[in-house]
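Hi,

Here is the structure I promised to pass on.

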Amino acid sequence: MRTIHVLPDNVIIPKSRVTLAWLAEHGARLTLHFLPPYCPAEIRIERLGLDPHANLTRNHRAPSIAELLARVHRDLTARFDIERRVLWAA
């Protein structure tokens, strides 16, 4: 690869003076792309995670973390199955 494209996850580290100095010296092959803090139009996983986060993990009533994870897994599996059907139908 001639250039490595990096999309930092909106943390401050890539903008720190130390990091910017290192990039100026060693980062000729790196290109940082800063996205807006919340960017569902550009980052599809953010769109996919909205509903499960709102309906499954906030104020959940699962009796254990194992049950909560099982619920999230079932929900995401169903969502991806629906998306797969939509993509195949197109």
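This is a predicted model: local features need pLDDT of at least 70, side-chain atom pairs count only at pLDDT 80 or more; totals for chains, interfaces and linings use all residues.

The mean pLDDT of the protein chain is 78, and 76% of its residues reach 70 or more. Among the elements, strand S1 (residues 4-6) has the highest mean pLDDT, at 86, while helix H2 (residues 44-57) has the lowest, at 71.

On the overall layout: the protein chain has three helices and two strands, and from the N terminus they follow the order β-α-β-α-α. Of the 90 residues in the chain, 13% are buried. The chain exposes about 7600 Å², with carbon and sulfur atoms supplying 63% of that area. If we take the contacts between residues at least 6 apart in sequence, 48% of them join residues at least 24 apart.

Now to the histidine, His33. You will find His33 in the loop between strand S2 (30-32) and H2.

Which residues does His33 touch, beyond its neighbours within four places in sequence? They are His5, Val6, Leu7 and Pro8. With His5 there is also a polar contact, side chain to side chain, at 2.7 Å. His33 and His5 are 28 residues apart in sequence, yet their C-alpha atoms are 7.1 Å apart in space.

Best wishes

Technical notes. Residues are numbered from 1 along each chain as its sequence is written. Side-chain values use heavy atoms; hydrogens and water are left out. Helices (H or I, at least four residues) and strands (E, at least two) are DSSP runs, numbered from the N terminus. Buried means under 20% relative accessible area, exposed over 50%, partly exposed in between (1.4 Å probe, protein chains only). Contact means heavy atoms within 4.5 Å. Accessible areas come from the Shrake-Rupley method with a 1.4 Å probe; for residues, only the protein chains shown count as cover. pLDDT is the predictor's confidence in each residue, from 0 to 100. A polar contact is a pair of N or O atoms within 3.5 Å; within protein, one must be able to donate a hydrogen and the other to accept it, and residues adjacent in sequence count only if both atoms are side-chain atoms.
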